[in-house]
Amino acid sequence: VKFSFSDSSCGIVFGAGRGIGLGITSALLKNTSSNVIATYRNIKRSDGLERLKTEFEKRLSLIQVDPSDEKSLVKFKSELSDIDFIINSIGLLHDDKLKPERKVEDLDLEAMLESYKVNALLSANIAKVFLSLFRKKSPTLFSTVSAKVGSIEDNGLGGWYSYRMSKAALNMLLKNIAIEFNRRACHTSVVSIHPGTTVTDLSKPFIQKTNYKLHTPYETGKNIINVLDGSKVSEKAHFLSWDGSKIPW
Ligand SMILES: NC(=O)c1ccc[n+]([C@@H]2O[C@H](COP(=O)([O-])OP(=O)(O)OC[C@H]3O[C@@H](n4cnc5c(N)ncnc54)[C@H](OP(=O)(O)O)[C@@H]3O)[C@@H](O)[C@H]2O)c1
């Protein structure tokens, strides 16, 4: 059994205000017929989302949600009747306090905890609150945008401690969710997805030095929905790259 966007009537994209989340939302609206509920934190930073709303007025709903606040998520869920997929694109690599660490002396407990919260725990909160909507016969999808640097097997470079550790924790969460959801009357494909290097606020400080192919957020959104479409419902979570290739856990 496979998940398919063509059988989906509605899904949620968390972290859709800018960056890859906005690209995924735009790609879903332009390439599928599903309705999309897009969550954001601060509409002042999300003008791209407001523009998309004027273009897809009927199919796009915008909701302000704080996924770290369970009550906010519960209220949001209580207003929904049916969804087929959730894609969470919220993530953190750097902010005022957190800089990707090059060496152990750079580690800061507060900054590491924030990274763990944003990159791993918000998806846990979302899974907890939304499980009941996944308990249905038709195939569903639960996916979080992760990162290849979260692969334990693939880590040959070191550095970026908080980010790597939090994405590895996210991957373990998704492995658990695939097992539990599919044992508890859900038919869910669970996918940890590496988006590929994408020009966003998150990557901007680092992309001058990279040799990787660069994508726009919309290209990445399209790549991601291509990979998620047709992903297998299974107790085994998938860890996939933007081109569909498997990444070792
Ligand atoms: N860009 C890349 O090359 C790349 C590569 C590998 C993996 N990724 C992953 O892709 C995902 C999206 O990254 P991006 O490049 O689109 O980053 P971005 O442009 O910095 O966007 C980050 C998103 O996360 C939201 N967010 C951050 N902290 C939050 C919090 N505490 N609560 C709620 N929302 C929060 C932001 O909302 P606000 O607008 O409200 O801040 C924004 O929607 C992340 O998981 C990232 O790790 C990106």
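Helices (H or I, at least four residues) and strands (E, at least two) are DSSP runs, numbered from the N terminus. This is a predicted model, in which local features need pLDDT of at least 70, side-chain atom pairs count only at pLDDT 80 or more, and totals for chains, interfaces and linings use all residues. Residues are numbered from 1 along each chain as its sequence is written, and side-chain values use heavy atoms, with hydrogens and water left out.

**Ligand site**

- The ligand is surrounded by 23 residues (near: a heavy atom within 4 Å), and the closest are Arg-18, Ile-20, Arg-41, Tyr-163 and Thr-200.
- Oxygen atoms of the ligand take part in polar contacts (N or O pairs within 3.5 Å): a polar side-chain atom of Tyr-163 lies at 2.5 Å, a polar side-chain atom of Arg-41 at 2.7 Å, and a polar backbone atom of Ile-20 at 2.7 Å.
- On its own the ligand has 900 Å² of accessible area, of which the protein covers 93% (Shrake-Rupley method, 1.4 Å probe).
- Helix H1 (19-31) and helix H5 (161-183) each contribute at least two residues to the shell around the ligand.
- The shell comprises 8 nonpolar, 10 polar and 5 charged residues; Ala, Val, Leu, Ile, Met, Phe, Trp, Tyr, Cys and Pro count as nonpolar, Asp, Glu, Lys and Arg as charged, and the others, Gly among them, as polar.

**Asn-171**

- Asn-171 lies in helix H5 and counts as buried because its relative accessibility is 3% (buried: under 20% relative accessible area, 1.4 Å probe, protein chains only).
- Setting aside residues up to four places away in sequence, Asn-171 touches Ser-146, Gly-150, Ser-192, Phe-239 and Trp-249 (contact: heavy atoms within 4.5 Å).

**Nonpolar cores**

- The largest nonpolar core has 34 residues, of which Ile-12, Phe-14, Ile-83, Ile-86, Phe-130 and Phe-142 touch the most other members (a core: buried Ala, Val, Leu, Ile, Met, Phe, Trp, Tyr and Cys residues joined through side-chain atoms within 4.5 Å).
- Strand E1 (10-14), helix H3 (70-78), helix H4 (109-130) and H5 give two or more residues to this core, and H4 gives the most, with 8 residues.
- Another core, of 28 residues, lies apart from it and includes Val-36, Tyr-40, Leu-141 and Leu-228.

**Leu-98**

- Leu-98 is placed in the loop between strand E4 (85-88) and H4, and counts as buried because its relative accessibility is 4%.
- Leu-98 and Ala-111 are 13 residues apart in sequence, with their C-alpha atoms 5.3 Å apart in space.
- Beyond residues up to four places away in sequence, Leu-98 touches Leu-92, Leu-93, Ala-111, Ser-115 and Ser-162.

Notes: Polar contact = N/O pair within 3.5 Å; in protein donor to acceptor, adjacent residues only side chain to side chain. Buried < 20%, exposed > 50% of the residue type's maximum accessible area, 1.4 Å probe, protein only.
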